[in-house]
Amino acid sequence: MHIPFTPNHIQLISACYPPSAALLTSGPEYAPNSQELSRLTYYAANRPEKINKLGSELEKRVKSDCRKAASGNTRARASLLITLSIFKALATECRRDMPLLSPSLLSSVNVALSSLSADLEIAARAATVFTTWTTYTDGLIIGVDLKVTDDYMSCLRHFARLGHIEHNDHETRNRTRLIGLAALVGAVNSEALYKPSAQFQPQVSIIMRALLIPLLQVDVSVLNHELGEIKEQPNSPILDEFRSRPTLERRAASIHVHIDGDQGPTSGDVANTALRATSSLLGHTRGLQASLVLQAALDTLDERDGWSQIEHCRWLAEKAAEWTQYQYRYGIPTRLVECLAESQDAPQPTQRHSTLAAMITAVFTSPTPLVNLSTSDIIASLISVTLRRITVSPDDSLLPALVECISSLGTHVYYADQIQDLAEDLIRRLVIVEASGIPGAGKANRDKARTQAVRCLLAGLLGLIHAADLHDAAKDAEDEAKTVGTSPTLPTPAERMSHDGPGQGHIRPSRRTKVGPEIWQDTLSLLCDSEYAVRADYAMALVAYVENEIPKFADKVDADGVRRPRPLAEGPTQKSNTLNAMLYGDSTTRFLNALHACVYALSTSPKLGLRSSSSPPSPDRTSPAQGDDSSARAGDATSDSVTTERRSLTHPSRSRRTSLVLRMLRDAPARISVSSRVAADLSDFGNILAVLTTVHEQLPVRSLLTGIPMLVALNRAATVADSCDPSTAAAVRAIKELVARAWLVVAKVWDCPAVAEIAEKALSALPSSSSLPSLPDWQFGSLQPPQHPVPLPDGVQLDTALPDIDADAILEALSSAQNVQEATGLGQHDLLRRLGADWSPDSAYRDSIETKSRMDSLSGDGLSPLIKVAPALMHAENLSMQSLARSGRGVGVTDLREALEGRSSMSNPNLAGRVPSISTLDHTSSVYPGADQFAKLAPQRSRPQRTKPRPGEVREVLNKLGIGKQNGLGNVKSSFPALQKTQPR
């Protein structure tokens, strides 16, 4: 019975309810009258201006029924369920005018959840209404209408609380959680989450708390199982369709409570729903939004103390990167590194630090590629965190995890020069730490912090390179058995040799640019560091680098350790290239020169380290060359400034570093006196033997020509005529054994029985003592405990001189060997002169940083006329013909323009009047360190203006050199005569 003058919209709403006496019997569906509900929805759909009145009336009924139902009124509870069903029907039919219904609908849902959230049936009905609204809304009202925004955020908080509620009854807990998570799935797949950008972060903070807690409460095996089911059945009844369908074609999901008596949902079902929601959320985010989602997850871990669940955190970080859109995945590891850097100053490492580092490693080592990732910024941040933790405490427990993070950056190679660039960044920082230590470290821990920093950077560098090798192996189609793992470490070289077969170790071309010897050469001084832990780690790093990274040029031994000729690969061109490389110097030859100089210094020096070399040169040291006084004076002046305790953050100049190294090398005596002290330990000599063995096996030709003179000089230095102190006697014996075993390696590589016989005879004549230790095993990609030295044995007495190795006989045998002559392209006389040349460590090091001009030693070598004529035509101070050591300045367009103009102007008269490009060489010279006239190249024109050459000047120079034939105009003949057009006669 209707009251007279009742408005039509109220009559339509009242007709949808059963009679008051029948409310209790309308269960368990508690649904409105279907025929009257159709009339109501038809009325609302055709009269949008009435939707606001309809919503206000239904909201009044919800508030009244909630108040009565909270006090135990069962009829009011039934009426409330019916009212919520009417809301759902109106939202479905009036989807075009959803903004008109949104205020009353969200307010009603909020009131119902605030009053009766413990009633699962009411909560499920409210969740259905909320999901319907999230399905059809365009989200534009959120953030604009403050009342609607507050009600919406309140609804999210209520459903989030239901999503991770705790209850003694597991079945009730799981049912409640499913209701809350189902409503949050609707929010995750709604435009209301993504359209208002300002409201994204508050919503995600609420949602992620509910999604993450159920995932942390089940085992990782359960998560993997549920994830497999999601992949098999990607579409879920409560998942989104709003991205694939227009608004008018979407269908809202209905949420129901399990019927009593049926088997309740398990924790796996709850985790399945949370996984679907999380993957959907990350799959729809863009750019910064992915970082905000991850930040919300990290905040949840802070609140719930979830950092102790390392496996869960690693799994979630890896899956977060996988679920995020391909072009936005970089935001996941970037945010993790930022969080780690934000707390780098903590006095003690916490579980949060170690778990964050483990999550970073898991993301980088996972099979998921990360495009658009700024690897240089990432490694810079990780290096800064590592050095900062060392400053706080050199024994910080977080350091091994940070080394693994740095190593894991090599798992995926995104561009050819990535590993080389990252290695260069590490080496640049390594050189700074070696020379200047760590700023901010306490005076008591300064040396220890420096040692630990060098070891960490070395371990990260090796792990980075080996992880890249593992990436190459996994990408090779011919090696399907190898796959990308979750560890940045590589098998040992012996394991790779056994896997690939004899002689097949690492022969496939790499997809990345190898770390060049000109980059690695800056680290060779670490072989002579004052701390044994650094020397030992670097010896292992050096062996690994020579074995796996340095360019081989098809020059290596066979599987049995013997170097045999390869006629197809070693023709006249290869022999000519080898000779030219030795005469003019390539990067590998310069590297070997510096390496052998450092090996000699380590074997004989009384003091080690760049900072400990301030003492005057040994009186027994003979001057290697005349004319080096200016360099020595410059080195002395530079060294005096280094002995101060000042720590600089700037990169040490190359000239300063060169002076430091040269001073250290000059301390190495040419002959060990009877009372001199050798700083090296017995284990150092074992490490040197391992380095020399690897060098001769991997680079036999270049090592032969650069290393044999060093062995002869080292043998000469250990020749002591009289009895000497026990400590000196032990060092002399160790050097003798080192040289003899090195000769054995050379004899095996070049298959020279005569050399082996001489070395064996000398080795057997040595007094018995402790043998040289072998290089310890090393697990790359992780920070190992520091190595401890094996000291030289005590009580070694030398009453007579030790038996000397007949170096002349060895050189004669080597130079007369047929395979040596074929490999080098030199005759016996030339080989003997080359191998027996005078050698000193400082001269060898100078050969490694500058190329000496030896053009006058070649005749008829087929060099280009342009190369021959250039020294005569170019100014004496022009450094373009010198081989500059690699510096931090990159090669740019200006350099290319200068090179092209410099070559073209000699053959094209039309370019003679063009304005030359401007050089930016405003830095200290790396070719002539310490020389005043080359101390700094000021900005100037690349080709200084000169007076116009008199007629015939160029022709006179060419005639003196005997090159080519000049035309009548006196210009240089074109480099491409075949391309010039013939003038018609």
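Of the 985 residues in the protein chain, 52% count as buried, where buried means under 20% relative accessible area, exposed over 50%, and partly exposed in between (1.4 Å probe, protein chains only). This is a predicted model, in which local features need pLDDT of at least 70, side-chain atom pairs count only at pLDDT 80 or more, and totals for chains, interfaces and linings use all residues. Residues are numbered from 1 along each chain as its sequence is written, and side-chain values use heavy atoms, leaving out hydrogens and water.

The chain has 38 helices and zero strands; helices (H or I, at least four residues) and strands (E, at least two) are DSSP runs, numbered from the N terminus. Take α28 (residues 682-698): its 17 residues reach 25 Å from first C-alpha to last, close to the 24 Å expected at 1.5 Å a residue, a figure that comes from 1.5 Å times one less than the number of residues. Of those 17 residues, 16 are buried.

Now for the inside. The largest nonpolar core holds 259 residues, and Trp520 and Trp743 touch the most other members. Such a core is a set of buried Ala, Val, Leu, Ile, Met, Phe, Trp, Tyr and Cys residues joined through side-chain atoms within 4.5 Å. Beyond its neighbours within four places in sequence, Trp743 is in contact (heavy atoms within 4.5 Å) with residues including Ile708, Val755 and Leu814.

Asp305 lies between α13 (288-304) and α14 (310-323), and is exposed, with a relative accessible area of 57%.
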